[in-house]
Amino acid sequence: MYDYLIVGAGLFGAVFARQMSDRGARCLVIDSRDHVGGNCYTRNDGGIQVHEYGPHIFHTSSERVWQYMNRWTRFNHYVHRPKVCYRGRIYSFPINLMTLYQLWGVSTPAEAKAALEAARVPIQTPSNLEEWALSQVGEEIYYTFICGYTRKQWHRDPRDLPADIVKRLVIRLTFDDNYFSDRYQGIPVAGYTPIFGALLANIPTETGVDFVSNRSMMESQATKIVYTGSIDDLFGADIGWLEWRNMSFEHEYLLGDFQGVSTMHYTEDSVPFTRICEHKHFAFSHHEHTIITREYPRDWQPGEPRHYPINDETNAELYRRYRDRVDGRRYVLGGRLADYRYYDMHQVVESALVTAAAERHG
Ligand code: FAD
C-alpha cells in the first residue's frame with residue numbers, strides 16, 4: 001500500500017512526489033502519456049531539444065523556486081526576445097521603444113509618449129477588448145499586434161471578448177525587449193526531461209497508465225490520491241466538459257537557420273498559425289539542421305490534450321460544481337488541469353511545494 005498515488009508526472013506531480021518521498025512517504029506516480037514531464041517534455045532530436053508541447057521558458061522572481069529548480073538542472077542564459085512578423089515586416093516585441101521607432105520613427109521616450117497619446121482613440125468607457133485596445137494604443141498598434149492575433153488565438157471577434165485578456169499588454173518606453181520582467185530566466189541546458197528523471201529518482205513511476213479508466217483498482221493502492229488530471233475526467237464529464245482552447249503543433253526538419261530567433265509571432269489573420277518556434281535558438285546551438293514548430297490554435301475536442309482554459313463565468317461555474325463533488329479527505333488536487341487555471345511553471349512548482357508542506361505525514 002502506498003501513502004500517495006500521484007496521477008500525472010508533470011511538474012506538479014513530480015515536485016510533490018519528490019517532496020513527500022524525501023519525508024519518507026511511499027509514493028507511486030503514474031501518467032497516461034508514454035513519457036514523464038507533462039507539457040514541459042522535451043525530445044532530443046539530433047542534439048536539438050524540441051519542446052514537444054510548445055516552447056517553455058522558465059522565469060520567476062521567487063528566490064525559493066529558482067533555488068529549488070537549480071537543484072535539478074543547470075539553466076542557460078536564454079532571455080526571451082521574440083519578434084513579430086506582420087505583412088512581411090519584422091518588429092521588436094514586446095512593444096518597446098525600438099518597436100515604436102520601427103512604426104513611427106520616434107527615438108526618445110518623450111517622443112514615443114507623445115506619439116502614443118496622439119494615436120489613442122478617445123473612447124470614454126471601453127466595453128470590450130477592441131475598444132479598450134484602441135483607447136490605449138490606437139489603430140496602428142491594435143491592427144499590427146493585437147487584432148488578428150487575438151482573433152486567431154481565441155477564435156472570437158475582439159469586440160466579443162473582455163478587455164482583461166490583453167490588459168497585461170506591455171508597452172515600454174525604453175529599449176528593453178526582454179519579454180519577461182522576472183529576476184530569473186533560462187532554459188535547462190539539457191532540456192526539461194532530465195529534470196523529471198532527477199525529481200522522480202527512486203520513486204516508482206509508471207507511464208502509459210490511465211487513472212480514470214482503472215479508478216477503483218488504482219484508488220485501492222494508496223491512502224491518498226494526488227490528482228493532476230482534468231477535474232471533469234474524474235466524473236466522466238457527466239455535467240459537461242470544461243472548455244479549452246488548443247494548439248496543433250506542426251514540426252518540420254530543415255537545414256540551416258530558418259529565422260534567426262527562437263520565436264516569431266505572426267499577427268495577421270490571413271496566416272493560419274500564431275507563431276513559429278525554432279528550437280535551437282533556445283540553446284544557442286549551431287547545428288547544421290534545424291527544427292521549427294508552427295502553432296495552429298483551434299477548439300478543443302474531448303479526448304485531446306488540453307492547453308488554455310477558457311476562464312469565463314460558464315466554465316467557472318461548471319468547475320465549482322465538479323470541485324464540490326471531490327472527496328477532500330481522500331483527494332488532493334493540483335496543477336493546471338485539476339485547478340482549471342493557466343499557470344506558468346514557477347507557479348506550479350510553488351504550489352506543489354506549498355501543497356506538499358501542508359500534508360501531514362510522518
Ligand atoms: P501537466 O504538465 O499538464 O501535467 C499533468 C500530467 O497529468 C500530464 O502528463 C498528463 O498526461 C497527466 N494526466 C492527466 N490525466 C491523467 C489520467 N487520467 N491518468 C494519468 N495521467 C494523467 N509555462 C512557463 O512557465 N513558461 C512557458 O514558456 C510556458 N509555455 C507554455 C506553452 C504552452 C503552449 C502551454 C500550453 C503551456 C505553457 N506553460 C509555460 C505552462 C506549463 O506548461 C505549465 O505550467 C506546466 O506544464 C503545468 O504542469 P502540471 O503538472 O500542472 O500539468
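Begin with the ligand and select Pro55: a polar backbone atom of this residue is 3.1 Å from a nitrogen atom of the ligand, a polar contact being a pair of N or O atoms within 3.5 Å, where within protein one must be able to donate a hydrogen and the other to accept it, and residues adjacent in sequence count only if both atoms are side-chain atoms. The model is predicted, so local features need pLDDT of at least 70 and side-chain atom pairs count only at pLDDT 80 or more, while totals for chains, interfaces and linings use all residues. Residues are numbered from 1 along each chain as its sequence is written, and side-chain values use heavy atoms, with hydrogens and water left out.

Next, select His56, where an N or O atom of the side chain is 2.6 Å from an oxygen atom of the ligand. Then move to Tyr342, whose side chain places an N or O atom 3.1 Å from a nitrogen atom of the ligand. On its own the ligand has 1000 Å² of accessible area, of which the protein covers 95%; accessible areas come from the Shrake-Rupley method with a 1.4 Å probe, and for residues only the protein chains shown count as cover.

Now display the shell around the ligand. There are 31 residues around the ligand, and Asp31, His56, Ile57, Tyr343 and Met345 come nearest; a residue is near a molecule or strand if one of its heavy atoms lies within 4 Å of it. By class, the shell has 16 nonpolar, ten polar and five charged residues. Here Ala, Val, Leu, Ile, Met, Phe, Trp, Tyr, Cys and Pro count as nonpolar, Asp, Glu, Lys and Arg as charged, and the others, Gly among them, as polar.

Helices (H or I, at least four residues) and strands (E, at least two) are DSSP runs, numbered from the N terminus.

**Salt bridges**

How many salt bridges does the structure hold? The total is 25, each being a side-chain nitrogen of Lys or Arg within 4 Å of a carboxyl oxygen of Asp or Glu. Select Arg245 and Asp299 to see one of them, with the closest N and O atoms 2.6 Å apart. Arg245 belongs to strand β11 (residues 244–255) and Asp299 to strand β14 (residues 289–299), so this pair ties together parts that are 54 residues apart in sequence. Arg245 is buried at 3% relative accessibility, whereas Asp299 is partly exposed at 40%. Buried means under 20% relative accessible area, exposed over 50%, and partly exposed in between (1.4 Å probe, protein chains only).

Arg275 lies in strand β13 (residues 275–278), so the pair ties together parts that are 20 residues apart in sequence. Both Arg275 and Glu295 are buried.

Arg43 is partly exposed, with a relative accessible area of 25%.

**A helix interior and backbone exceptions**

In helix α5 (residues 129–154), select Thr144. This residue is buried at 4% relative accessibility, and the Thr144 side chain reaches the backbone oxygen of Glu140 at 2.6 Å.

Most residues other than glycine have a negative phi, and most peptide bonds are trans. Select Phe93 and Pro94 to find a cis peptide bond, with omega about 0°; Pro94 is in the loop between β7 (89–92) and α3.

Next, select Arg87, which is not a glycine but has a positive phi of about 50°. Arg87 sits in the loop between β6 (83–86) and β7 and is exposed at 64% relative accessibility. Finally, go to Phe284, where phi is also positive, near 55°. Phe284 is in the loop between β13 and β14 and is partly exposed, with a relative accessible area of 39%.
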